[in-house]
Amino acid sequence: MTNLTAMPELSASAALPPPRGYWAVAMRKLLRPLLVKLCVLYIAAVLVISVLVPFIATGKPYIISLHTAHGLVTRYPLFADLTTRDYLTFLTAGMLIALAAIWRLTARVDLLRRRKLRWVSALTCISATVIAGVLVASLHHNQFDGTNYRHLMKSGRATGAIFAPIPWGYAQMEPLGRQAVNEMPSWRHWLGTDRSGRDVLSRMLWASRVAMGIGFVSQFIALSLGIIVGALMGYFSGVCDILGMRIVEMVEAIPTFFLILTFIAVFGRSTLMIMIILGVTGWTGYARFLRAEFLRIRQLDYIVAARASGAPLHSVLFRHMLPNGLTPVLVSASFGLAGAVTIESSLSYLGIGVRPPTPSWGGMLNAAGNPATVFHWFQALPPGFVLFLTVLAFNLVGEALRDAIDPRSFS
Amino acid sequence: MGTRFTVKDFIFLLIFVVLVVLAGFTLESYNYLSHQVAGLRGDLQNLDAEQTTQLYLLKKIQRDGLRLQSGGSFSTPSTSPAPRGTTDAATAPTTADIRTTLPDGARYVMFPNPPLPPYNPYSQPNFAFGDWLVESLSSEPNRIMPFVPQSESAAAIQASVLESLLVRNPLTLKFDPWLARSYRVSKNGLKITFTLRRRARFSNGRPVTAQDVVFSYHTVMNPKVNCAAVRSYYVDIKSCRALSAYQVVFKLRQPYFKTLGVVGGLSIIPRSVYNFPNMADFNNHGKLLVGSGPYVLKRWSAGQQIVLTRNARYWGPRPIFNRIVYRFITNPQASLQSMLAGQIDVDALEPSQWVKYHAQPAFLKHFTTYKYLSPSAGYSFICWNLNQPWFKDRATRTALAMLVNQAAMIKTYLHSLAVQVTGPFNPISPQNNKLVHPIAYNPHAARVLLRKAGWTKASDGILTRGKIKFRFSLTIPSQFPLGKRMAEYIKEQFSRAGIDMQISPLDFTTMLQKINHRHFDAVMLGWSGSLETDPYQIWYSGSYKHEGSNAGDFNNPLADKLILEGRRTLNYKKRMHIWHRLQAVIYRQQPYLFLFTQYDLIAINKRIANTRPYPVFGISSADWFVPRALQKYH
Amino acid sequence: MLSYIIRRILLMFPTLIGMTFIIFAIVRMAPGLTTSGGMYTAGMLQSHQSQLAQQRFMARRLHLITRNGKPIPIAIQYVRWINRIIHGDLGTSIEFSEPVTKLVLQRLPVTLTINLISMVIIYLIAVPGGVLAAIYRGRLVDRIFGLGSLVLYSLPIIWVGSMLLGFLANPSFLNVFPSAGLHSTNTSKMSYFQFVFDYAWHITLPVLCLSYGGFAYLAKQVRGSYIDNLQQDFTRTARAKGLPPSTVLLRHVTQNSMLPMITIVGMTLPGLLGGSVIVEQIFSIQGMGRLMFEATYARDLPVIQSLALVTSAITLVSYLMVDIAYHMVDPRVTYD
């Protein structure tokens, strides 16, 4: 039985015209999946870092014993220093992980119960997160801790401190008297210091949070907008479709960067504003894509059959079509993310991105040598390289995913 | 059209494209050549004009008695023979400069000839006319018409094209008559009479008359003209009237020590050019710049350069350079590059560039470098909004000043190329009180002071007084990298003491709007300076109203009294004494966190001679020339 | 043919009008942009009266109020704006005190020239590259090519630009290229060829920055369409007929692969325009991108709305030209 089914495949692959060299085959079998794996690993690492960066790069120690009037007091400055935003980030990350776990665990459950199970558990998960988020936001007050623990340790007023692996905050400066600005890499600062005497590595890690945050939130907004508009166009078609397409065309006709600059000039800037602006200007591609998918799927036999058997159109569309049409849109979001990260860093490079001292890869690049009187290449190299790697990883993964779902484009 | 697109078509298309490109190139090269020819023709006309100038000069010498010496240089005015009969009522014709007090107590100054620069280039042994002066400007001005623009680059260009009634002598610091031949200030200082030089001409050939002076004044005062900043200097003037074609009188509401500088410094513009039927149109002619100065605007190539060319009909001493070219180079790296390649002659260096080059023999072989404090450099500061709960009391403000290590900041960020200021006056100005010492960096004392002022650390680590948390935002202009660095440092310093300062960079226009509406906690800015500034605009309590410049609402009765007294006092010594007291009062109150003033760092190509700076005013391009052997543009 | 062009142009108008509406709406949503106050002033030393006068002046400049200071209804504001645009008047800049039309006419050629040069270079390199990759499809060359183009595509302009500027145009490292502007100072003394050379020398780095991304994108498309056509029946037929491979490639495959190349011309230009904001800023070139950036910094709304309009109009026109060229190559293609 196995032999029989294997036969046609063999003959088909033998019929492919161009013969491949040994190296090419090897590369294809080895390099490409390896590269993609590396990229996925890299993205995962960046995501983990951007979520957990308060524990990795900060000047606050995990634990420290202070000599006070009441004797030795043990404190946990790092944990006390976590902000509401940090907690919300952890919650969101936890929610996403939980959702993925639910998806994975329910995969084995039989079809009939699966959907219900998934819906219920996902909703519970999301609502729990939202409730927790609201609680944290209303109950937790940010601690403001300006103590220089390093100094405390040195002056002997504290003992037994365990510092983070990179014991520098993103805004923490070396004392000006030390003349530690624009330093080359050393043991004290693994990637050197910037022009204000801050640790470049720490800033780079924190910048990953800015980049990922802006990338994901803006693409979430863009996706939601795009899916709504695209689904409406594909569902109603006719006049709605024609009007919608004209709107999409109009927005697309304005060059993106000019549109973004217009928004910034009009509404000002902040991290949140940039997320919204990137979302509002980036939805057209998704809408176009989903519409095309909907229009294509509409013609497919199974939908025609479903409709012929009396199922109402909306049920057909949103039960059957949306899940099918959504996959390619989600895949193209990978490219969207790469684009959003690039644009965010470009805006920061131009000086109209996130506010100082919030680090951003683009802003760090700018600080390294523009307007360049002295070009500090060792400051420009790492953030630029990380930015490049991130964009490349998202593009590569996007490409691989696209090839995976659309075998035609796979060479 | 039904056929398909074949390779043949493709080749045809390719050939077509190549032909079009070639044709384009040919056309362009023709354009370029004709452009060049036009330029040459312009130069020829200039040559013609030069000959006429020579003739004109000869005539002028006969008329005005200016004598050309054998070296081609002008004699000093004091030795020149008597000019023709003068219309000045007060005195008899004279040959020498007069600076005297008349019997009725009025001060009278008369210069028969426009004064030559104190470091007279014309009498230098290797002096020569000709060549170009190429300077770099760090930003392209958006407009260069008189009065309206407020950019430094526009001011630099206007300085060679527009002239005023008086000029300040850079050595004696006194006002010498320029377009005016003489001026008289009445004893109570309320009336100033100018008599104009009859030979002064605008570059369009029209004489400079009293009507033009009156017109210039009315232009500045016209609310339709978009120059509120300049206008505010002239609010105390009651009237400006022409007595005759060459006599004009200004009357004032109250005596004011700066009147002479303000009135005498008014740029005189030709009525024949700028008299628009609707003066609102004045704002729409951003590139119209006509005056009586030694140079005229020849060409403005957007994004590249502005070319001034010698005013062939100039009425005064013959301009030295044939052209002055201002290159717009926004990037300091690029301007240094052009400087090293010999493409520009003068450049202001960045502190980091200065540190690298000012002692480098290879650099010094070709360039002269100067470092000095200039009165116009002004100072930077952080203005506390004193109406906000955090900054109400002096102790807190003093503590904030103690938290910032300015000496280290200057050393690290500016390579020690700046001086900390101890009040609103420039360190080299006579107004500056040298006995006021800067508040020393002392974080420990600052903490003690803050505790005394009632600030205690709350459970969340922020200083709190009553219900008020010490959390505010510092507004900085976003296109100011150094400001960003300083703000980040100050934020760090404050956070150590439990003060949470947010940094909010804003574009300049929005920022000024916020300042005008007083919607700010603290703001980092700079004031530009002058030799003797008037503290009224910034420090008088009344300047808070009507969106005045006292944005932080500094309100101190003693300071108010001193300011009003100082403005009225015409006696120099007494006035300086008052300013010194005022500075002590202001610095004690700490309404600003006073930062520093930066050195001017200049490099000049060695080709240019006679570049030594004046003690207070620094370098002056009016002194410069290029010896014949070193000239390279003809 | 003619009817197609006319219909296509007619179809462009609704988009154009809708686009003006979007831009108008965005700019009018600006907070603080009301007639009563909150306008921007450009100076600190101002009396209250003159400030009010200035506010009115600014509001008039944006045509929000009449000469008497009465607010104009939004619909009429829009109609008047459109009317002025039709008459070639884009308003007057607040920052530059000059008609925006004049500013745009000054800056547009600079940007367009650089972009067109970049585009030519993109095509000159990308098309042969894509074809080669398609021929050696699946081999090592293709693999390297595929990865290489993706790498190029992912390289951020800001990084490449600042590295080039820092290393190749810096007296501290290699002082090979000029770091700013388009011409040297002494252009008036140059012969035409020196002048052209000087220009080429100045635009090398900016053009490099603008073109590498587009090059990767185009090459990928070319490769894709060649591969598609190489698998088509007509190619096999031609091969089966025993035609030499070069003839097959040139005659049969190339002809059919022209279409995507033409489409991409239209797609590339808007992208290049966006990229020129960054490139012109890095290399201090006074073009449209820099003007847009300066206007953003100064909140010069008349300039911003005009530039958004002009660039979109350029985009629309390039789409139109692509469609017409497409139609000329393949008349079967219609406008939907």
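Before anything else, a working rule for myself: I call two residues in contact if their C-beta atoms, placed from the backbone, lie within 7 Å. I also keep in mind that this is a predicted model.

**Entry: a helix pair in chain A.** I started with helix α8 (residues 238-253) and helix α11 (residues 284-298) of chain A, whose axes come within 10 Å and cross at roughly 145°. I noted the crossing of α8(A) and α11(A) as left-handed. Which residues meet there? On the α8(A) side I found A:Val248, A:Val251 and A:Glu252, and they meet A:Thr284, A:Ala287 and A:Arg288 in α11(A). Sorting the residues of this contact, I got three nonpolar, one polar and two charged.

**Entry: the sheet in chain A.** I then followed β1 (residues 63-68) of chain A, which pairs with β2(A) over five bridges. For A:Ser65, I looked up the bridge partner in β2(A), and that is A:Thr74.

**Entry: where chain C touches chain A.** How many residues are in contact here? I have 47 from chain C against 49 from chain A. Several helices of chain C each supply at least two residues to its side, including α1 (2-28), α9 (245-282) and α11 (301-329). That side of chain C divides into 29 nonpolar, 14 polar and four charged residues.

Terms used: Residues are numbered from 1 along each chain as its sequence is written. Chains are lettered from A and ligands numbered from 1 in the order in which they are written. This is a predicted model: local features need pLDDT of at least 70, side-chain atom pairs count only at pLDDT 80 or more; totals for chains, interfaces and linings use all residues. Two strands pair if DSSP finds at least two bridges between them. Helices (H or I, at least four residues) and strands (E, at least two) are DSSP runs, numbered from the N terminus. Ala, Val, Leu, Ile, Met, Phe, Trp, Tyr, Cys and Pro count as nonpolar, Asp, Glu, Lys and Arg as charged, and the others, Gly among them, as polar. Axes are lines fitted to C-alpha atoms, for helices over the stretch in contact, and angles run from 0 to 180 degrees between N-to-C directions. A crossing is left-handed if the near helix is turned anticlockwise from the far one by less than a right angle, and right-handed if clockwise.
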